[in-house]
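User: I have a structure to read, and I want to know what backs each label. Can we go through it step by step?
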Amino acid sequence: MKQNNIPLTALLVFYYMLIKFKLTLCFTPSSSLLDIHVQGHFTFDGNEFAAKDFGNQFHSLPWAVLHPKKVSDVASTIKHIWQMGPASTLTVAARGHGHSLQGQAQAPQGIVINMESLGGQEMQVHKGKFPYVDVSAGELWINILHECLKFGLAPKSWTDYLHLTVGGTLSNAGISGQAFRHGPQISNVHQLEVVTGKGEVVVCSEEKNADLFHGVLGGLGQFGIITRARISLEPAPKMVKWIRILYSDFSTFARDQEHLISAEKTFNYVEGLVIVNRSGLVNNWRSSFNPQDPEQANQFVSDGRTLFCLELTMNFNPDEDTNIDKVRHKINQLFNITAINKKSILISNSAVFFKPMQEIESLLSQLSYIPSTLFASEIPYVKFLDRVHIAELSLRTKGLWDLPHPWLNLLVPRSKISTFAEGVFGKILTDTNNGPVLVYPVNKSK
């Protein structure tokens, strides 16, 4: 494998969604934000929501919250405070859906900008050879998905949880099971609109203001506040084949992950999770997954072992068989061809991909999972992408969603992952695991 394409296995459990944007600003008690002309408004009371985040470990009330209606509200506020001078250490935090883990979306006695107030603006979907959508940074990814699907399109790269803002995930990375193919979300952005620390509104891309563009993407908010983004799109499938298989050996699990993300023809989504001492897990999957061999699955017992689950999906459209048959018949009539390769037919610059079950079986035959633990399901593409929200609703009804989440996100190089797994999965987690442990394989070149 080439050096510049060495895959990393990334242990990721959720992402910092909106982060603190710290500025060296001047603030005096006599200063009044009410002097700033904004189309939105400030609130000085009832701001408890801005003192919370998903991590639920830090709770700091801001002095004020800005609820902007326009990007100019954000720019005017930042510019006004900047012009007050460098004597103060007042902080400003851009808050989206508040999914940070350690208070990054909070501003103790500072100013929180409620970026979700910018959501709900018109999304502009552009079709063509290289489709994209222009959206507000305060828009939720789930809303972007539904809007783009009206045009048969969808963003290429996702996070596991879609009820997060665009600005939040782009300020971090945005990694999920598609990242090995398309890269993280920050690798699928054509253009940004950013409010800098001086309150200037700047449009940037790889060709224009490139330093700012690359600085704010994954920059943890240290170079400005993202206010709009142009996101790359691709044709959206209607359904996914969702597969789960289990391993008892981490090295075998990691090798198969690496094999799949390096293969030319592979699954659309590759992810994994660590399972510690949960004998009934396979039985719980039966509510949404069908075992390939029910008899063998009934006999499977984890015996308290640490197991590793490989989660895979293959996109497909139920009507592709019919479409390809029609295309094949027409081509036969025009060119008197008796046999057409069913795997790929190119028509009017759009590819129709036929991925029969045989292709999935071929990929699975190359893996070394526990044979009795193959579970599969077919669900709509939207339902798969929004699967964590469904779990969220269930946890909320039980009062479990708002518990503290002292979670940690790590990128572990391939050269160190076996040592890491032996120490963490083999020893520490056996006694202390109380939450999800996700393992994402990603390509460094992406």
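Analyst: Start with a term: contact means heavy atoms within 4.5 Å. Keep in mind that this is a predicted model.

User: Which residues is Leu170 in contact with, leaving aside its neighbours within four places in sequence?

Analyst: Leu170 is in contact with Trp141, Gln185, Ile186, Val189, Leu192, Val216, Leu217, Gly218, Ile226 and Ala229.

User: What makes Leu170 stand out in the largest nonpolar core?

Analyst: That core has 38 residues, and Val133, Leu170 and Leu192 touch the most other members. Helix α2 (residues 141-149) gives the most to this core, with 5 residues. There is also a second, separate core of 31 residues, with Phe308, Leu374, Ala376 and Val412 among them.

User: Why is Asp160 called buried?

Analyst: Buried means under 20% relative accessible area. Asp160 has 6%, so Asp160 counts as buried. Asp160 sits in the loop between β9 (153-155) and α3 (166-170).

User: How do you know that the side chains of Asp160 and Arg387 make a polar contact?

Analyst: The cut-off for a pair of N or O atoms is 3.5 Å. The Asp160 and Arg387 side chains are joined at 3.0 Å. The side chain of Asp160 also makes a polar contact with that of Tyr440, at 2.3 Å. Both values fall within the cut-off.

Definitions and conventions. Residues numbered from 1 in each chain as written. Predicted model: local features only at pLDDT ≥ 70, side-chain atom pairs only at ≥ 80, totals over all residues. Heavy atoms only, no water. Helix = DSSP H or I, 4+ residues; strand = E, 2+ residues; numbered from the N terminus. Buried < 20%, exposed > 50% of the residue type's maximum accessible area, 1.4 Å probe, protein only. Polar contact = N/O pair within 3.5 Å; in protein donor to acceptor, adjacent residues only side chain to side chain. Core = buried A, V, L, I, M, F, W, Y, C linked by side-chain atoms within 4.5 Å.
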